[in-house]
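Hi,

Here is the structure I promised to pass on to you. Have a look at it first, and then read my notes below with the picture open beside them.

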Amino acid sequence: MVLMQLHRAIHEPGKRKKMCSLEKRGNVWILTLAGDDAQNRLNPTLIDYLASALSRLASNATPGSVLLTTAHGKFFSNGFDLAWARSASSPAAAYDRLQSLVASLRPIIAALLSLPMPTIAAVNGHASAAGFMLAISHDYVLMRGDRGVLYMPEVDIGLPLPDYFVAVMRSKIRSPAVLRDLGLGGAKMTAAEAVKVGIVESAHDSEESTVEAAMRLGEQLARKKWVGVVYAEIRKSLYPIACDALGLTQKAIVSKI
């Protein structure tokens with residue numbers, strides 16, 4: 001019944017394209033990005049779908065629940081939909097559209113860092129800018145090694161990094177040299193390179209093998225039957241810089257011991 005309700009919420013009837021799908025295999029919830037183009041760019045519609053999915057996952061979490069996020073094709077996500085922003089009637093309106101995307105993604109990242117279950121990103125291809133941010137906001141990142149890069153192109157295209165992007169990067173990427181190369185150098189990092197510096201858990205030789213490995217990890221984590229609210233509070237305690245930038249506060253939990 002819960003799964004049927006989630007599908008109805010995310011796959012709304014009508015003419016709009018399905019922007020993501022959510023299915024449950026055992027205790028592992030699989031969220032698959034399916035944007036309005038092959039690049040899964042984050043536009044208002046896709047961001048709304050992600051918000052709806054994460055809200056419902058938080059409400060329906062049980063001990064042992066795990067989230068696995070992935071996509072299909074060449075891109076995990078190529079970041080914000082800049083073409084949509086630039087199609088506005090004026091440069092000022094385009095700027096406002098871009099700022100609205102930055103603001104609307106913020107609660108998505110906050111939801112991932114406060115989700116009461118372990119989270120895994122199975123990165124099937126390029127994860128650029130906001131797409132990179134979406135990936136590293138998961139607890140574990142597994143990546144396809146034969147195709148795709150992690151990339152922060154803002155320095156190349158003349159856009160500043162939002163404050164919460166920087167906070168999440170500082171929390172998840174501990175090497176100052178790697179932060180410099182990604183943020184100030186526009187470096188494109190392969191899966192193998194990302195494994196070496198600890199951003200990615202493991203690299204795999206195809207999209208299918210990446211998802212399979214992520215699913216195995218998800219099943220291992222699900223067997224722990226961790227209490228979701230405790231897991232979420234411990235996660236938040238590990239990343240205080242990111243949580244502060246995202247407006248997340250820790251909740252007091254009464255011990256059962």
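**What I found**

β1 and β2 pair in the antiparallel sense, over six bridges. One of the facing pairs is Arg-25 with Val-28 in β2. The hairpin of β1 and β2 has two residues between the strands, and Gly-26 takes a positive phi there, near 65 degrees. Please keep in mind as you read that the model is predicted.

Now step back to the sheet around this hairpin. Its six strands run in the order β1-β2-β3-β5-β7-β10, and the sheet is open, with mixed pairing. Which strands stand at the edges? They are β1 (20-25) and β10 (202-204); each has a single partner strand, so one side of each is left without a neighbour in the sheet. On average, neighbouring strands here are turned by 20 degrees against each other, direction ignored.

Further into the order you will find β3 (residues 66-70) and β5 (residues 119-123), which pair in the parallel sense over three bridges. Thr-69 has Ala-121 in β5 as its bridge partner. Helix α10 (residues 207-222) packs on the sheet and touches β1, β2, β3, β5, β7 and β10. The direction of α10 makes about 160 degrees with that of β7 (140-144).

There is also an open sheet of four strands, in the order β4-β6-β8-β9, again with mixed pairing. Its edge strands, β4 (75-77) and β9 (188-189), each pair on one side only. Between them in that order, β6 (residues 126-128) and β8 (residues 150-151) pair in the parallel sense over two bridges. Here Ser-128 stands opposite Tyr-151 in β8.

In soluble globular proteins, nonpolar side chains tend to be buried together. The largest nonpolar core in this model has 63 residues, and those with the most contacts inside it are Phe-80, Leu-105, Leu-150, Tyr-164 and Ile-199. Helix α4 (residues 91-114) gives the largest share of this core, nine residues. A second, separate core has 13 residues, including Ala-122, Leu-142, Met-215 and Ala-222.

Leaving out residues up to four places away in sequence, Tyr-164 touches Phe-80, Val-102, Leu-105, Arg-106, Ile-109, Ala-245 and Leu-246.

You could then look at Val-166, in helix α7.

The largest pocket holds about 450 Å³. Among the 21 residues that line this pocket, Asp-139, Tyr-140, Lys-172, Leu-238 and Tyr-239 are the closest to its centre. The elements giving two or more residues to the lining are β7, α7 (163-172) and α11 (228-238), and α11 provides the largest share, five residues.

How many cavities of 30 Å³ or more are there? The count comes to two, and the largest cavity has a volume of about 50 Å³. Residues lining the largest cavity include Thr-62, Pro-116, Met-117, Leu-221, Trp-226 and Tyr-231.

Enjoy exploring, and write back with any questions!

Best wishes

Definitions and conventions. Residues numbered from 1 in each chain as written. Predicted model: local features only at pLDDT ≥ 70, side-chain atom pairs only at ≥ 80, totals over all residues. Heavy atoms only, no water. Core = buried A, V, L, I, M, F, W, Y, C linked by side-chain atoms within 4.5 Å. Buried < 20%, exposed > 50% of the residue type's maximum accessible area, 1.4 Å probe, protein only. Contact = heavy atoms within 4.5 Å. Pairing = 2+ DSSP bridges. Axes fitted to C-alpha atoms, helices over the stretch in contact; angles between N-to-C directions. 1 Å grid on protein atoms, 1.4 Å probe; cavity = no way out; pocket = protein on both sides within 12 Å on 5 of 7 lines; lining within 4 Å. Points joined across faces, edges and corners; volume = space filled by probe spheres on them.
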